[in-house]
Amino acid sequence: MYLSRFLSIHALWVTVSSVMQPYPLVWGHYDVCKTQIYTEEGKVWDYMACQPESMDMTKYLKVKLDPPDITCGDPPETFCAMGNPYMCNNECDASTPELAHPPELMFDFEGRHPSTFWQSATWKEYPKPLQVNITLSWSKTIELTDNIVITFESGRPDQMILEKSLDYGRTWQPYQYYATDCLDAFHMDPKSVKDLSQHTVLEIICTEEYSTGYMTNSKIIHFEIKDRFAFFAGPRLRNMASLYGQLDTTKKLRDFFTITDLRIRLLRPATGEIFVDEQHLARYFYAISDVKVHGRCKCNLHATVCVFDNSKLTCECEHNTTGPDCGKCKKNYQGRPWSPGSYLPIPKGTANTCIPSISSIGTNVCDNELLHCQNGGTCHNNVRCLCPAAYTGILCEKLRCEEVGSCGSDSGQGARPQGSPELLLLLLLLLTALLGTASSLAF
């Protein structure tokens, strides 16, 4: 008897799960590009905005140092210990693996003891400035999702600039200035991210928070992405819908968190004092043990997958789009200009799919394989889509209110999960039966 009841519950759950397909358990993550929904005409595809998951982007970068011979060890040289700046018997030798400090050690696995790190040559040519540019390149547009964290094995530099590029290194803009004395180094008043607001979140600041000189317990420098997100999503980033809405409608904000390259400009090593000790120049150098950059491939909300192939990141595009960033329509799908997907309306967004070109449609306007009617529309005899009342267009791809300019944020169009009232009634009945059966088992 108990087995038969269990089988009945299992059958009910399978049915409920089938009906629940158009209602994702978690809204607003944009991790699905399309899903099948049920209508009176059967199953159809419903398209939505989508994006890849966030990941560790340091696995996919290329690093370049300028000057290229700035890494220590060729020729071999001695340098002073971190904890005791006058104990100068440590050696850097590029020809000996145990004593070498090449740049790739900034991105290897952390947690080893002793820790591995890249190290520059010492400041033996003082008073000539000891300056290094470390350029990180992805050959792909990246959207940052977490703080950039740089861990120094030496003291944190007295002066440093973090820069970004949006055009593969052709031009650069500052992200943030770091100094022990912002006014002296960059003619800027010192600030921290806590001094910013929604209205000033894009301001480029100089901070003294991470430049405390020659202290072995002070190794980390941050560029605070999440603190800037929090101005819109709240302190614990619980209101991501608000952040997504701002990113969708404010291009400058979206571009602020978007990069193709990063550049770490080390301008003056940690001295820990006003004057440089010219008798012990082996004390002064740069050493970085770890760089963390988390983000996602920018796919213009047209893909959930980004693959690394032939040393290059590329979006696997949906919505009839193509290109490294899904930045154009596929051939024969240029029935309207390409457009990025939209986070709005929350929670599923708008796919803005590319639609067939008029010349390529022929006799088949829609089918059940390639030319899917969208937003709950159904294909009628392959010649036209029967659209829900709120939608119009060849493939039901447009909100009807857009044609008359009456769409509003409170209209609710496009934000409701697709499905008929009959299906919702069936769902309630099934859940009631499921609960009733479960209760009888409990007794």
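Strand β10 (residues 159–165) pairs with β11 in the antiparallel sense, over 6 bridges. Strands here are DSSP runs of E with at least two residues, helices are runs of H or I with at least four residues, and both are numbered from the N terminus. Two strands count as paired if DSSP finds at least two bridges between them. To find one of these bridges in the structure, look for L162, whose partner in β11 is Q176.

Strand β11 (residues 173–179) also has a parallel neighbour: 2 bridges join β11 to strand β12 (residues 206–207). Here Y178 stands opposite T207 in β12. Is β11 enclosed or open? It is largely enclosed by the rest of the structure, because 5 of its 7 residues are buried. Buried means under 20% relative accessible area, exposed means over 50%, and partly exposed lies in between, using a 1.4 Å probe and protein chains only.

## What kind of model this is

The model is predicted: local features need pLDDT of at least 70, side-chain atom pairs count only at pLDDT 80 or more, and totals for chains, interfaces and linings use all residues. Residues are numbered from 1 along each chain as its sequence is written, and side-chain values use heavy atoms, with hydrogens and water left out.

The pLDDT is the predictor's confidence in each residue, from 0 to 100. The chain averages a pLDDT of 84, and 79% of the residues score at least 70. Over residues 409–423 the pLDDT is below 50, and this stretch has 29 contacts in the model beyond near neighbours in sequence. Residues 438–443 also have a pLDDT below 50, with 5 contacts beyond near neighbours in sequence. A contact means heavy atoms within 4.5 Å.

## The chain as a whole

The secondary structure comes to 8 helices and 24 strands. Of the 443 residues of the chain, 46% count as buried. Among contacts between residues at least 6 apart in sequence, 64% join residues at least 24 apart.

The accessible surface of the chain comes to about 23,000 Å², and 54% of that belongs to carbon and sulfur atoms. Such areas come from the Shrake-Rupley method with a 1.4 Å probe; for residues, only the protein chains shown count as cover.

## An open sheet

Another group of strands to trace is an open sheet of 4 strands in the order β7-β15-β9-β13, with antiparallel pairing. Its edge strands are β7 and β13 (220–223), each of which pairs on one side only. Inside this order, 4 bridges join strand β9 (residues 148–152) to strand β15 (residues 287–292). One place to look is T151, which has D290 in β15 as its bridge partner.

## The nonpolar cores

Which residues have the most contacts inside the largest nonpolar core? They are W118, I134, W138, L266 and I288, in a core of 61 residues. A nonpolar core is a set of buried Ala, Val, Leu, Ile, Met, Phe, Trp, Tyr and Cys residues joined through side-chain atoms within 4.5 Å. Strand β8 (residues 132–144) gives the most to this core, with 6 residues. Apart from it lies another core, of 10 residues, among them C366, C385, Y391 and C401. In soluble globular proteins, nonpolar side chains tend to be buried together.

Leaving aside neighbours within four places in sequence, its contacts include V63, L65, M106, W118, L262, L266 and I288.

## Helix α4

In helix α4 (residues 240–249), the buried residues are L243, Y244, G245 and L247. Their cover includes α3 (225–233) and α5 (251–256).

The bond from D74 to P75 is cis, with omega near 5°, and P75 lies in the loop between β4 (62–66) and β5 (77–79). The bond from Y126 to P127 is also cis, with omega near 15°; P127 sits in the loop between β7 (118–119) and β8.

H319, with a phi of about 60°, lies in the loop between β18 (312–316) and β19 (321–322). H319 is buried, with a relative accessible area of 4%. C396 also has a phi of about 60°, and its loop runs between β23 (391–392) and β24 (398–399). At 0% relative accessibility, C396 is buried too.
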